[in-house]
Amino acid sequence: MRFEFFIAARYLRAKRRQAVVGVITAISVIGVAAGVASLIIALAITNGMRRDLQERLVGSTSHVDLMRVAGDGIRDWRPLLERLRGVPHVVAAAPGLYGQVLISKGARSGGGLVKGVIPADEKTVGDLLQSVVQGSASALEPLARGAAPCADGARPRNDCGAGVSREIPPIVIGQDMADTLGAKVGDGVLVTSPQGELTPLGLVPKYERFQVAGIFKSGFYQYDSSYAFLGLADAQSLFSEPDLISVISFKVDDLYHADRVGRAIEDAAGKGFQTTNWMEQNRELFRALKLEQVVTFIVLALIVCVAALNILIALTMMVMEKTRDIAVLMSFGVRADQVRRIFLMQGLLISVIGTLLGLIVGYGLSWLGGHYRFIRLDAAVYSIDYLPFAPRVLDAVIVAAVSLGVSLIATIYPSASAAKVLPAEALRYE
């Protein structure tokens, strides 16, 4: 094999009688490098999108949510919450009360999803309250507003049903919602709930004024533009649901087994309850990203196929140029299979050089894009505000294997043609 490799390397370095052969060889190397680099960058982008979306989704929300099948809310939830905290693989649990509202400030308004929470518990299952960039989420604790202690003497919390002071209750909103409303920390906003009061004139929506105590920024547009947090007692008052919650959120020790833990939570909760997990809630999103990755790989792999055609053309012309040399070698006793391997090696060398250059360029550009984040995105469209890159070693192995495999297939015909050269016929007119 050393002999074949030596001759193949010499043929690549040798000066050409026909300059076009050298040009096509260089184009073949550049084509393979361009295809490999494009594949690496495209896969890095799709992996980065998937990674960032997953991290932000999982970090911002709970892994498992428990709700009533009938949708009538969970009553007597405190003993249930304490019991479910003991389910294996459950790390933390927190109660919550969800409701759709209209939030307005002056002439500006926007729809939002309000969640009534106990801040100390909510921070153990999600990171949104820990991403407050202006103000503080601690104002949601009734202790910070001079609440009366619980009847059992425990520390005042939103879940003890204690009375609160008559000052304006606090609300924490997302950065994009704050920009839409033109609201800052300390400003008052009007929160209108469709779950109003029945009067002789019909159902009148209930509204209440809140003071912006904090603004969070998760970097995920869906949350920053539509989520808001209230103290649990304030949310129960707004929705006229005393001592009722709509969901119990859980954090588990292995997020990829959230479905299994969810079934265990359902069994422990009893009949009338159902769970949903982060994978079910975002299944369509991740399925679309996976499909996009596959389609991108197939489309960009065509660039490698085009480069392989260039390799086929370059080797075919090289066989025509080196016909006399092949005949001389065969007259000295070089076997046909050795001649075949010479041109197989030559095509493989072109592919290896192009693949290595493509991997270097692809990973270099991916690192620069991931480190400096110089490609900005519209968060309203893509949910994140920059283009993420996450190159993986496995992608390099797959891309290199595809590149070398396609290029090797392209060498079959010219190498077989070289092996069929007849020395007497090739040297007859020399």
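How many helices and strands does the protein have? I count 16 helices and 10 strands, taking both as DSSP runs numbered from the N terminus (helices H or I, at least four residues; strands E, at least two).

Ground rules before I go on. This is a predicted model, where local features need pLDDT of at least 70 and side-chain atom pairs pLDDT 80 or more, while totals for chains, interfaces and linings use all residues. Residues are numbered from 1 along each chain as its sequence is written, and side-chain values use heavy atoms, without hydrogens and water.

**Overall.** I looked up burial next: 47% of the 430 residues are buried (under 20% relative accessible area, with exposed over 50% and partly exposed in between; 1.4 Å probe, protein chains only). Of the contacts (heavy atoms within 4.5 Å) between residues at least 6 apart in sequence, 78% join residues at least 24 apart.

Residues 294-320 are 100% helix and 0% strand, with end C-alpha atoms 39 Å apart. Residues 389-413 come out as 80% helix and 0% strand, and their end C-alpha atoms are also 39 Å apart.

**Cores.** Which residues have the most contacts inside the largest nonpolar core? They are Ile171 and Ile248, in a core of 61 residues (buried Ala, Val, Leu, Ile, Met, Phe, Trp, Tyr and Cys joined through side-chain atoms within 4.5 Å). Strand β2 (residues 90-105) gives this core its largest share, 5 residues. A second, separate core has 18 residues, among them Ile7, Val21, Phe343 and Val421. Back at Ile171, I find contacts beyond four places in sequence that include Ile103, Leu140, Val189, Phe210 and Phe229.

**Strand β8.** Strand β3 (residues 108-117) runs parallel to β8 with 5 bridges, including Val117 to Gly231. Strand β5 (residues 170-174) runs antiparallel to β8 with 2 bridges, and there Val172 partners Phe229. Pairing here takes at least two DSSP bridges.

**Asn47.** Why does Asn47 count as buried? Because its relative accessibility is 10%. Asn47 sits in helix α2 (residues 19-60), and its side chain makes a 2.9 Å polar contact with that of Gln293 (N or O atoms within 3.5 Å, one able to donate a hydrogen and the other to accept it; sequence-adjacent residues count only if both atoms are side-chain atoms). Beyond four places in sequence, Asn47 also touches Ala390, Arg392 and Asp395.
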